[in-house]
Amino acid sequence: MNGKNEVAASNGDSKVFKVNPLNYDDIVRVTESIKALVTLNENPTVGIICGSGLGDLADQVTEAQIVPFSKIPGFPSTHVVGHKGNLVFGKMGGKSVVCLQGRFHPYEHAMNLALCAMPVRIMHQLGIKTLVVSNAAGGISEKFQYGDLMLLKDHIFLPALAGFSPLVGANDPRFGQRFVSVHDAYDIKLRKMALKIAEEQKIRVHEGIYVMSGGPQYESPAEVQLFKTVGADALGMSTCHEVTVARQCGIQVLGFSLITNIANLDADNSVEVSHEEVLETAKEASARACKFVLEIVQNL
């Protein structure tokens, strides 16, 4: 990382106070704690969430100031391999950015979707207007190959359909509208720009529908068939809760999946899927994905 600087918390203890992710004042309190750990000449306008194995996106940040999650009072931790657990502030493509280098997955935190989406609310408090969110996903569509990128055009948010929306609970109007439209969750102008960049860079990028399940188990062939039947192109265990909160905050979103494995539809022929396979594919595609995101941020 160019000019990286890892900061130390004044108290060094992330358990100083417990945070209620549905309490607006708690979000402000955590944000102010983060601001006290870095020196910002200007507020970040672009937020980036790095998916499994895509932490190298944050290595594109120059003049970087790194804040480990463990140094942020009240911040939860991430224990999934491939998620480093840092907030990274700095410059990318001439823009002031903040990268979430590792995310919180609902299966790590008892399906507390509001907690897992809390970093988006903090990014909003920090000043971001645009969120670029990435994930590693299994491909359902026959058109996908290992290492392809898929721009999210729409999503199927299964946990929310089962009552686990990050918006469930008492709503403070300072967060935004109570009833949030996600018809335009993934900004069409940003998608068109990203497709143009992909064409210029000669990389394989598709548009499609992403489905989020709860995990951490991988989907059965019957479940994959169900998702395919209802129109899904790729599946994973993240992203939708973050995007939903971003839309409540009025943040425009560009999302993409890195297709790290091809989902199995045949129950009679088992296909072993592992997190190590996901990380290996992500590693191989990392340089391509980083170049793609860097150009997108430059053109925002």
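Thr130 touches Thr45, Val46, Gly47, Leu190, Ile251, Gln252 and Leu300, leaving aside residues up to four places away in sequence. The model you are looking at is predicted.

**Around Thr130**

- Thr130 belongs to strand β6, which covers residues 130-139.
- Thr130 counts as buried because its relative accessibility is 6%, and the cut-off for buried is under 20%.
- One of the residues that Thr130 touches is Gln252, and the side chains of these two residues are also joined by a polar contact of 2.7 Å.

**Aromatic pairs**

- Searching the whole structure gives 5 aromatic pairs.
- Among them is the edge-to-face pair of Phe69 and Phe75, with 5.2 Å centre to centre and 65 degrees between the planes.
- Phe69 and Phe75 are both buried.
- Phe75 also pairs with Phe104: the ring centres are 5.4 Å apart and the planes stand at 75 degrees, so this pair is edge-to-face.
- The pair of Phe75 and Phe104 links distant parts of the chain, 29 residues apart. Phe75 sits in the loop between β3 (62-68) and β4 (86-92), while Phe104 sits in the loop between β5 (95-101) and α2 (113-116).
- Like Phe75, Phe104 is buried.
- Taken together, Phe69, Phe75 and Phe104 form a cluster linked by ring pairs.

**A charge over a ring**

- Arg121 lies over the face of Phe175, at 4.0 Å from the ring centre.

Methods. Residues numbered from 1 in each chain as written. Predicted model: local features only at pLDDT ≥ 70, side-chain atom pairs only at ≥ 80, totals over all residues. Heavy atoms only, no water. Helix = DSSP H or I, 4+ residues; strand = E, 2+ residues; numbered from the N terminus. Buried < 20%, exposed > 50% of the residue type's maximum accessible area, 1.4 Å probe, protein only. Polar contact = N/O pair within 3.5 Å; in protein donor to acceptor, adjacent residues only side chain to side chain. Contact = heavy atoms within 4.5 Å. Phe/Tyr/Trp six-rings, centres within 6.5 Å; stacked < 30°, edge-to-face > 60°. Lys NZ or Arg CZ within 6 Å of the ring centre and 35° of its normal.
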